[in-house]
Every structure is written in C-alpha cells, then in structure tokens.
Amino acid sequence: NSMTVTYTIEVSNARSTGFLKTLFIWKGSLWKLVWHELLIWSVAYAILSVCYRTAMNEESKIFFERYASLCYKYGDFIPFSFMLGYYVTLVVGRWQTQFNDGWISGSVMLSSSYIRGVGDRSRMMRRGVARQMCLLQVLVFRTICVLVRQRFPTLDSLVDAGYINEDEKGDLADNKFWLSIKWAMNFVRRARDEGLITNDNALHDIYLELCTLRVQLLSLWLADWVPVPLTYTQIIFIAVRVYFAVMIVGRQYLSHDRYASRYPVDAYVPFLSMIQFVVYIGWMKVAEALLNPFGSDDDDFECNWIIDRNLKVALAMADMGEELAPPLEKDANWDAADIVPYYTADTVAHKEKGPVGSASMLNLKPAAMVSMEKLDEIRRNSSFLVRVSTALKSLHSVEVELKDEIQMERIHAGNELRKRKWSISSETSIASSLDLEAEKPRKGVGRANRAIVRNYSDIVEDEEEEHNRHEENNLSTIEEHQQRRRVMSEGGSDPKMQLIKSESMRRVKSTPGLKTGHVVQQPHLLFPSRRL
C-alpha cells in the first residue's frame, strides 16, 4: 500500500467543497494523529469534573477552586506557541530538502549520452555506471530507512537483486558509500581510454555529476546521523503536553459566585478547549511525523518505490543507444506561417489570453520630440538659472546674518549697560552706608563722597549716550539695506549692490559644484567674510 497521501485533485480549485472533502480523508489526516490523545484528555477532564460536582465537600471545593484558578491564570506562562511554530518550520524545511535529494535520472542521462557506441562494450559501460549509481542509493537507504533495511538485510540480498556481482561483494560494506562511486569513475575512465568518450570535457562533466550525486545521497545519511537537536524536540514535547495537562484543571467550570464572570455558562463539554487541543496537538504531530521521513508513517517517503523506479529508468537510459534514436524529419508545423494551437471542442472555451503589461493599459497623450541640441540648450539655461538663484539666496542669507549680528550686538550692549549701572549703584550704596556709620561726619569727607556720586552719574550719562549712538548707527545701517533692496526691486541700480552681485557671480563661476547645476548650501563659499 502507498504511504503518501495524495489529495491534489480534490483542491484543484479554490471551492470550499474540495477542501471539505479532504476533512473526511482518514489516512494521514489530523483525526488519525490526535484522536487517541484527545480521548485521553477528554476522559481525564470528565472524571475531574464529576469529582468536583459530586464527590467533594465544601472545604475540598474551595481548595480545588483555588488550584484551578491558579492553573487558569498562570497556565499561559508556558511559551509553547512561538517555539512550536519555529520547530515545525525547521522540520518541514528539512523534509523538503531530503525529498529533493537522491534522484539519479539526470546523472544517468548525462553519462549515457557521453558514452557513445552501439556494441556490447559501450552498453556494458553505460549500464555499469548506472548500476553503481543505483547501488549507492540502496546502500544509503539501507542505513536510514527501516523498510529498505528489512527488504535488503544483507549484502547477499543485493546480489540477488542484481545491484552487485559476487566479485564486488567482498570489497563492499554497509557504510562504504564511496566505493560504488569509485567503481563508476573507473568505468568512465576506461570508456575514455577506449574512445567511447570523445573528449576530456565530457569526462570532467561525468566526474562532476557523480560527485554531486554522492554529496546529495551522503547528506541524507548525515541528516539521519545529526537530526534536530534533542533538547529542542524534548522542549516541544514537554511544553505542549504539560500545557494541556494543566488546562485539565484550569478549564474546569467553578460553581462559586466569584467565578461567575469567567464562567457565565456551565458548559459540560469544553468544546473550545477541545478545538484548541486538536489544533496545537495536530500542529505538533506534523513535526513529529516529518522529523524522520524515512519511517513508516502515512506521509513518509516511498523509499522502496524510489529505488525501484531509479533502477528501471537508469537501465532503460543506458540501453538506449544512438541507434534507438528516432529518425530526424520535418515536423507537422514545418510549412505553417502561423502556428495554430490545438484544442478540443471541450477545451477551446478555456483558451487563455497571453499576459499584458500593466503599463500598456495607460492612455497617454503624445509628447513632442526634443532634439539633442535643444535638450543641451535647455540644460545650459537651467544650469545658469540655478546658479543665479543660488547667488540670490546667498545674498539673502548674508543679509539675514548681518541683521542677526546687529541684533546680537544691541542685546550685548544693553547687557553691558545694565551691568555697569548695577555696579555704580552698588558702589553708591556702599558710600552712603559709610557716611551713615560715621558718628560725626566731617565736611570734607561729605564733599568727597558727593563728588564720587557726581562722577558716577557722569559715567552713567556717558554710557547712555554711547549706547544711543550705537543704536542710531544700527538703525541707519538697516535703513540703508532696505533702501538698497527697494531700489533693486524697482529696477534701479545701486553701486554697492552691483559690486556685490558681480563678486557673487564671479564666485559662482569659480565654484565647481555650481558649474554642474547643483545648489550650493554653503553661502560662505561666495562671501568668506561674515560682514559685507
């Protein structure tokens, strides 16, 4: 009986009926994998529920309710969902890789095509190389697959099956995988020496194909030797089953009033927990079934069929020499100018249209063509405009910097004036306090202190006058810049602005970045000094 479960025809379209049919397949199904564990879990849940409802007294119920509440609240601390998902992904990836290794049809086709000749000698060479490839596969499968080992328990069984001769049995062993490939290479070398292989490139290709086949089959043996780490498998096995063992207690219905919000309805059958059990246990069973695809599960590889198929195909390719090739003649569409595909009356309605690019469906207006000379002129003009706009931006940035400096100087001057006023007032207060402390003030001393105060007042007045002059100069500078901007906006010409513009255009032309049309973001390249 076939182990592989094929249901592809049932899901050939996306209709729900096809997928519903797959739910009723028993072999290799979810129900077959989880029914016995689901039955054990349901029986344990039912026994505990009956004991809580009928056999426990009030004190035992209170203790059980506390324990059940603890399991319900902290049961999710077991982080099995993420670990289970990664574990299944890892196992399925290994399963796909192992299935793609071990098909020798391509290798036999290459060697049979390179070894030419129609006699028995060339046929023996081709069949000998193909037989050694099949022998390598059988030797590897005998060590990793139980069913193949039961089929070929000894080397004598390989002799009876035709994989080896009596002379070859003495040198062969179970783990001597390299020997069969070495024999195949010797056969190929003899074919080259006898002229059955016409060039060394063909010899190299056959050698390379034999080594590739050996690596692929040996990887199956290595995967059997080094599986997924045992610790990871144990963690998944324990985490999933311990979680649902805890939920046998945590999902019980509690009749006390304080648990009414958690259990609004007394569901005698925990169907939601059972659905969760089926999903997670089935998910884990997928990984457990695919962890060793060379076993005897429903979805394991058909190893015996694979080796039988490879032997038949390999020997058939080896026997098909040059004389068995069909005659070369004109095909049925030789004179057809336009080939008409063949459809039956039932399938002509399903004839499909070819692909159409998404951009071809856009309706765009025709655009005028531009010559290369016109395009170069447009680029030069645009480059000049970019340089001019960059120069104007640089002028504006310099003006802004100038205004900022004037404003900072005004603020700094005001701060200095306030500091001096505070210092003068402090010294004046100190002098006044000295006069008050004197019991009998002397006239000369009083006049001296008053002179000091007058001198301080004169200093304050001088500082205020200097600050006012500084403010007037700043205002006049700002008015001058504004007047220049008005003159330039009205079409006038100012000598200083003309000088600035000529200097800026000279620096623009001498700047490498501006010659290529790029906007210069550093105005200091145009004006090294911060002040004009």
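Q: Which residues form one aromatic cluster with Trp 41 and Tyr 45?
A: This is a predicted model. Trp 41 and Tyr 45 belong to one aromatic cluster.

Q: How many aromatic pairs does a search of the whole structure find?
A: The search covers the whole structure. Its count of aromatic pairs is 22.

Q: What is the angle between the planes of Trp 41 and Tyr 45, and is the pair stacked or edge-to-face?
A: The two ring centres lie 5.6 Å apart. Planes under 30 degrees apart count as stacked.

Q: Why are Trp 41 and Tyr 45 separated by about one helical turn?
A: Both residues belong to helix α2, which spans residues 30-55. They are separated by about one turn because they sit four residues apart in that helix.

Q: Is Trp 41 buried or exposed?
A: Buried means under 20% relative accessible area. Trp 41 has 5% relative accessibility, so Trp 41 counts as buried.

Q: How are the rings of Tyr 52 and Phe 64 arranged: stacked, edge-to-face or tilted?
A: Their centres are 5.2 Å apart. Stacked needs planes under 30 degrees apart, and edge-to-face needs over 60. The planes here stand at 35 degrees, so the pair is tilted.

Q: Which helices does the pair of Tyr 52 and Phe 64 link?
A: The two residues are twelve apart, and the pair links distant parts of the chain. Tyr 52 is buried at 3% relative accessible area, and Phe 64 is buried at 8%. Tyr 52 lies in helix α2, and Phe 64 lies in helix α3.

Q: Which residue has its charged end over the ring of Tyr 52?
A: The charged end is 5.7 Å from the centre of the Tyr 52 ring. The residue is Lys 61.

Q: Why do the buried residues of α5 line one face of the helix?
A: The buried residues in α5 are Ser 105, Ser 107, Val 108, Ser 111 and Ser 112. Seen down the helix axis, they line one face because they fall within an arc of 160 degrees.

Q: Which helices do the buried residues of α5 pack against?
A: Helix α5 spans residues 105-114. Its buried residues pack against α6, α11 and α14.

Q: How many contacts beyond four places in sequence does the model have for residues 436-454?
A: The mean pLDDT of the protein chain is 78. Over residues 436-454, pLDDT stays under 50. The number of such contacts for this stretch is three.

Definitions and conventions:
Residues are numbered from 1 along each chain as its sequence is written. This is a predicted model: local features need pLDDT of at least 70, side-chain atom pairs count only at pLDDT 80 or more; totals for chains, interfaces and linings use all residues. Side-chain values use heavy atoms; hydrogens and water are left out. pLDDT is the predictor's confidence in each residue, from 0 to 100. Contact means heavy atoms within 4.5 Å. Rings of Phe, Tyr and Trp (its six-membered ring) pair if their centres lie within 6.5 Å; planes under 30 degrees apart count as stacked, over 60 as edge-to-face and the rest as tilted. Buried means under 20% relative accessible area, exposed over 50%, partly exposed in between (1.4 Å probe, protein chains only). A charge sits over a ring if NZ of Lys or CZ of Arg is within 6 Å of the ring centre and within 35 degrees of the ring normal. The arc is that of the directions from the helix axis to the C-beta atoms.
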